[in-house]
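Good morning, and thank you for coming.

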Amino acid sequence: LIPRDAPSLQTVERMSAAFGEQGSKTLLFIAMEDPNGLTAATQERYDQLVARLQDEKDHVLQVNDLLADPVTKAQALSADEKAWYLPVGVAGTLGDPTAAESVKTVRSIGADVFAGSSTTVQVTGPPATFSDMIASAEHDLLLISIATAAVIAVILLIVYRSVFTALLPLLVIGLSLAVGRGVLSALGEMGMPVSQFTVAFMTAILLGAGTDYTVFLISRYHDYLRSGAGYDQAVTRAMISIGKVITASALTVGITFLVMSFAQMGVFRTIGVSAAIGIGVAYLAGVTLLPAILEAITVRAPSGIMFAHEIRMAGLELFSRHHVAEGIELLADYVRDMKPHASEHRIVKVVEMLEKYGAHAQQVIPTLEEHAAFFDAGQPNFPLRLSKDKAKIVRESIARIEATDERPPLISLKKLR
């Protein structure tokens, strides 16, 4: 929380070096109380506590057993001998994650050693107090985030009168929070300094910035829809017009937060970086994820078309399996006539059914060649790469049909009448 060159911190570090008391700059106090007093059994557990703490090399740097020295025992033990304390120097500095982990470790050891006894064990000191404060703040932040999300949803519902529009910003913000926390954790693992404040501040920044960016884009998108633009055009025009504003805003705010990384106080330095990360994630989600969702939900999934195709595919499969003659031309026409949605997968099954007719399918090769040329030129409203893939599939099927001389017996629906 304070710069390393601060006089108070420098004094503590020099005292630690002079007196050989490593860890005294981050000091905890384990306070113990027993209504039966410091009995022999309690003393034995206390000695176990000291030994366990001394063995914990990762989080505990110093254990000052004041009860072991008659001179200091009177200062650490109450007059009625029912309360006493143990100073413990731990790893980390006030406010960083290492110190928080050290507090958890010391509390866990104390609770474990005195479990099942009449002794009450509490851990206090600046690091413990700070950790408790952060834990309380995180709990409050959860409640605040839920309340904020509810308020945002209600306001957007009143303005847009659409449940989906009201929930869309919250969806984008929720995904942004997940990504932002992951990025922050990864950078922390790579060595970037973080404090216990960073997640709280990044969450608040993402809630605010994410809401602004999504509302800006959705509002402009609706404006273009009302002016008569199509769904795709509305998304594109909204991105062109409001995208510049969002980019300028994100850069301005993000750079401002990054400047805080030059601060000497660690809390400002870490908060600045985390806030800039939050702005960056909110911006990227606003200009990439949100437009994709808008386009995906406005160009509706062709469920009716898909069901119709499934029925048609089942009928064609029946024709192919029993070599019904009328199925040859139907399959050849369907190669091109099927709706574009997922046709890059469906066309493979269609040509396979056609090839089951063997040499009989050679009569529709001219039709298939026309279809291949059509796909090569680019099927309208379909990705060019996938369209060319379809042309390749058709030509490969033509080659197999030309090479076969098998002629399974055909049946005709006309003869069945």
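**The core and the surface**

The largest nonpolar core has 39 residues, and those with the most contacts inside it are Leu168, Tyr213, Ile279 and Leu290. By such a core I mean a set of buried Ala, Val, Leu, Ile, Met, Phe, Trp, Tyr and Cys residues joined through side-chain atoms within 4.5 Å. At least two residues of this core come from each of α5, α6 (163-189), α7 (198-226), α8 (231-259) and α9 (266-298). The largest share, 12 residues, is supplied by α9. Helices (H or I, at least four residues) and strands (E, at least two) are DSSP runs, numbered from the N terminus.

Please note that this is a predicted model: local features need pLDDT of at least 70, side-chain atom pairs count only at pLDDT 80 or more, and totals for chains, interfaces and linings use all residues. Residues are numbered from 1 along each chain as its sequence is written, and side-chain values use heavy atoms, with hydrogens and water left out.

Which residues does Leu290 touch? Leaving aside residues up to four places away in sequence, Leu290 touches Leu168, Val172, Thr214, Leu217, Ile218 and Ala285; contact here means heavy atoms within 4.5 Å.

Let us turn to Ser102, in helix α4 (residues 97-113). Is Ser102 buried or exposed? Ser102 is buried, because its relative accessible area is 0%; buried means under 20%, exposed over 50%, and partly exposed in between (1.4 Å probe, protein chains only). Beyond residues up to four places away in sequence, Ser102 touches His59, Val90 and Ala91.

Next, the charged pairs. The whole structure holds nine salt bridges, each a side-chain nitrogen of Lys or Arg within 4 Å of a carboxyl oxygen of Asp or Glu. In one of them, Glu317 pairs with Arg321, the closest N and O atoms being 3.9 Å apart. Both lie in helix α10 (residues 303-321), four residues apart, about one turn of the helix. Glu317 also forms a salt bridge with Lys356, with the closest N and O atoms 3.5 Å apart. This second pair links distant parts of the chain, since Lys356 sits in the loop between α12 (343-355) and α13 (365-377), 39 residues from Glu317 in helix α10. Lys356 counts as partly exposed because its relative accessibility is 39%.

Another salt bridge joins the side chains of Asp376 and Lys388 (3.8 Å, N to O). Asp376 lies in helix α13 and Lys388 in helix α14 (residues 384-403), 12 residues apart.
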